[in-house]
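Dear colleague,

Here is the structure I said I would hand over.

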Amino acid sequence: MQSENHPTRRKTFTAPVIALILLAAAVTVTVIAAASAHRPPAETEDNIPSLPDMPDFGGASLTMLTEESHNFEFVSEELNGEAVNDAVFNRLLKVEQELEISVESVTRPGASSKNYDVYCSEVRNSVLAGQGYDLAAGVSGFCHPLAAEELWLDLMPLPYIDHALKFAVPGLCDATPGGRLYGLIGGGSLSAVREAYALFINRGMLEILGLDNPAPLVRKGAWTLDSMLDYARAAASDLDADGEADPEIDRFGYVAVHSINRAFLGSADCHALVCDGGRVVVLPADERMINIYEKVEALTADARISWVSMGSKTAANAPFTEGRSLFCGASLSYTETLRHSDIDWSVLPYPKYAEYEDGYAGQLPFSAVGLFVPANVSGDGLELSASTITALCHYGSLAVNPVYLENALLGRTARDADTREMLNLAASSVTASYDALWSRLYDTPPHDILDPERVGASFTAFYEKASAKWAVEISMHNGF
């Protein structure tokens, strides 16, 4: 299906698609038709290197299933002067021109536990019908487990994917048994940056409390769980002296919504399940794992130090936004709120377990979007889908994600070199792991062992019980 090519607007219209797949629903389809000659690698007008020599597809149409709330990562209806929107618009236009294709985007909800089944059912129905989508972009935490139902193709054997792997999140190719790769997360996904976990710090509070900026600790590799706990304890105060934590009055060392605490496990390289060649292995609760759990619990479970909420992110982050918390655990999208705040904020990576460990790591968020190829794609369609993934990763990494990070510093504060350095470090430290990507296969999520209901209980006893269940569930999951 083709539409006229317009320099500043993408046409959006509603069209019925195969009844078996869409069950009589109307869908929003975005189409851009673009044509260009096949060309060798060259420098683009904005000095972004063009793709390596790629095929052109003579105006072929590619249909892409996207998740409703993340559709903006791939499709923009028009240029509007907003930097990230325009970068997304131009990225898709460039992909279409380079490959000589048109991209049709069909959206479905599927970003939360309340509606993920809508997206997953769409995938199942289309694959079973043997028709539908050439490519899918969906929330990784919900979509990766669909591979156990044989709904995705392994990307590794597909043509041109090797170039796309340069822009993949580190550890992604080691996060599936047997070296298979079902979803590519990285340069093609803005959410791999936007929703990466980071620590926000109130630098004005550092000055008031007479504390040193921890950025030098980060640079020399000494930013650890222990040092963060020391800072948090020094900052916390029961300001109304009533002996109880009050998120509207008291000062805290650390605030976050509960799910963000998963980031401590990733940064400390603490994993319950890992891939060992072609199999999944349950790691024992050794002394190191227990010690990590105890350190994180000492920070997150002590109401005299931290405010960790099971509610909304806005409510959980409120003490930081209002200047009453030294640290806030959040995704980098929090910069979109903080640019309107009066506090002097900066960013840090999550702390590692000990100084002797190499580098910093941040856990890939459950909500990061991956690019998947449905299992019914075959023949020439494989080259079309794989080439489109590669093009999206190439231009996303070079021309979309950097624009987002630059845009994150638009506030009146936080434009200094120190913050820019720490922001880039936090964004680039995200890593993938088996227990995070495939957690939905398990009744007890292996990436979320910091359960607030377990505070004060025996971690070892919990872990032994969970490990026994994981071992049984692994045998049921078709090798995943």
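This is a predicted model: local features need pLDDT of at least 70, side-chain atom pairs count only at pLDDT 80 or more; totals for chains, interfaces and linings use all residues.

Residues are numbered from 1 along each chain as its sequence is written, and side-chain values use heavy atoms, with hydrogens and water left out.

The chain

The chain has 18 helices and 15 strands; these are DSSP runs numbered from the N terminus, helices being H or I of at least four residues and strands E of at least two. Of its 480 residues, 56% are buried (under 20% relative accessible area; exposed is over 50% and partly exposed in between, with a 1.4 Å probe and protein chains only). The accessible surface is about 19100 Å², and carbon and sulfur atoms account for 51% of that (Shrake-Rupley method, 1.4 Å probe; for residues, only the protein chains shown count as cover). Taking contacts (heavy atoms within 4.5 Å) between residues at least 6 apart in sequence, 77% join residues at least 24 apart.

Asn202

Asn202 belongs to strand β6, residues 197-202. Its relative accessibility is 5%, so Asn202 counts as buried. The side chain of Asn202 reaches the backbone nitrogen of Gly204 at 3.0 Å. Beyond its neighbours within four places in sequence, Asn202 is in contact with Phe320, Gly323, Ser325, Leu326, Ile343 and Asp344.

Helices α11 and α18

The axes of α11 (residues 287-300) and α18 (residues 459-476) come within 11 Å and cross at roughly 120°. Axes here are lines fitted to C-alpha atoms, for helices over the stretch in contact, with angles from 0 to 180 degrees between N-to-C directions. That makes α11 oblique to α18 (under 35 degrees is roughly parallel, over 145 roughly antiparallel, 65 to 115 roughly perpendicular, and the rest oblique). Met289, Ile290 and Tyr293 of α11 make the contact with Phe459, Thr460 and Tyr463 of α18.

Two positive phi values

Glu150 is not a glycine, yet its phi is positive, near 60°. Glu150 sits in the loop between α4 (140-143) and α5 (161-164), and at 56% relative accessibility counts as exposed. Ala241, also not a glycine, has a positive phi of about 55°. Its loop runs between α9 (225-235) and β7 (252-257), and Ala241 is exposed, with a relative accessible area of 67%.

Regards

How values were computed
A polar contact is a pair of N or O atoms within 3.5 Å; within protein, one must be able to donate a hydrogen and the other to accept it, and residues adjacent in sequence count only if both atoms are side-chain atoms.
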